[in-house]
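Q: Got a model here that I'd like to walk through. Can you take my questions one by one?

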Amino acid sequence: KAEDLTQALARCGEAMPDVVLADYHLDRGDGLEVVAALRKRLGEPLPALLITADRSPEVREKALVASVAILGKPVKPAQLRAFLMRLKAKREAAE
């Protein structure tokens with residue numbers, strides 16, 4: 001768990017994440033900025049999911065352009081599980 005970009009980047013030194021689950025509204029910045037910075041630092045197309053109560057077309061467009069999946073709050077466990085299972089299947093197919 002990281003509360004902002006600084007913490008997220010610090011934690012990347014500890015272990016490479018398999019996926020990023022990011023809230024859109026953070027105290028400083030937003031989840032899409034965190035995803036972009038992590039991808040840049042790691043040099044990889046890190047899978048990411050944006051979780052937000054903001055249903056505006058602007059946020060959806062930003063997520064689409066950034067290749068970040070999006071789920072609206074409140075997130076249902078089945079939705080999150082389905083996202084993670086699709087990600088797992090995609091990884092297994094690539095191996």
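Q: Where does glycine 43 sit?
A: Glycine 43 is in the loop between helix 2 and strand 2. Helices (H or I, at least four residues) and strands (E, at least two) are DSSP runs, numbered from the N terminus.

Q: What should I know about the model and the numbering?
A: The model is predicted: local features need pLDDT of at least 70, side-chain atom pairs count only at pLDDT 80 or more, and totals for chains, interfaces and linings use all residues. Residues are numbered from 1 along each chain as its sequence is written, and side-chain values use heavy atoms, with hydrogens and water left out.

Q: Back to glycine 43. Buried or exposed?
A: Glycine 43 is exposed, at a relative accessible area of 62%. Buried means under 20% relative accessible area, exposed over 50%, partly exposed in between (1.4 Å probe, protein chains only).

Q: Which residues is leucine 46 in contact with?
A: Pro17, Asp18, Val19, Val20, Leu38 and Arg39, leaving aside neighbours within four places in sequence. Contact means heavy atoms within 4.5 Å.

Q: On to helix 2. What span should it have?
A: Helix 2 covers residues 31–42, twelve residues, and should span 16 Å at 1.5 Å a residue. The expected span is 1.5 Å times one less than the number of residues. The end C-alpha atoms are 16 Å apart, which agrees.

Q: Which of its residues are buried?
A: In helix 2, the buried ones are Gly31, Leu32, Val34, Val35, Leu38 and Arg39. Down the axis of helix 2 they fall within an arc of 160°, so they line one face. The arc is that of the directions from the helix axis to the C-beta atoms.

Q: Why would spacing matter there?
A: An α-helix has 3.6 residues a turn, so residues three or four places apart point the same way.

Q: What do the buried residues of helix 2 pack against?
A: Helix 1 (5–12), strand 1 (20–23), strand 2 (48–52) and helix 3 (57–65).

Q: How many residues are in the largest nonpolar core?
A: That core has 15 residues. Val20, Leu32, Val35, Leu38, Leu50 and Val68 have the most contacts inside it. The largest share, four residues, comes from helix 2. A nonpolar core is a set of buried Ala, Val, Leu, Ile, Met, Phe, Trp, Tyr and Cys residues joined through side-chain atoms within 4.5 Å.

Q: What does valine 68 touch?
A: Leu32, Val35, Arg39, Ala48, Leu49, Leu50 and Ala63, not counting residues up to four places away in sequence.

Q: How many residues of strand 2 are buried?
A: Five of its five. Ala48, Leu50 and Thr52 lie on one side, Leu49 and Ile51 on the other.

Q: How many bridges join strand 1 to strand 2?
A: Four, and the strands run parallel. Two strands pair if DSSP finds at least two bridges between them. Valine 20 stands opposite alanine 48 in strand 2.
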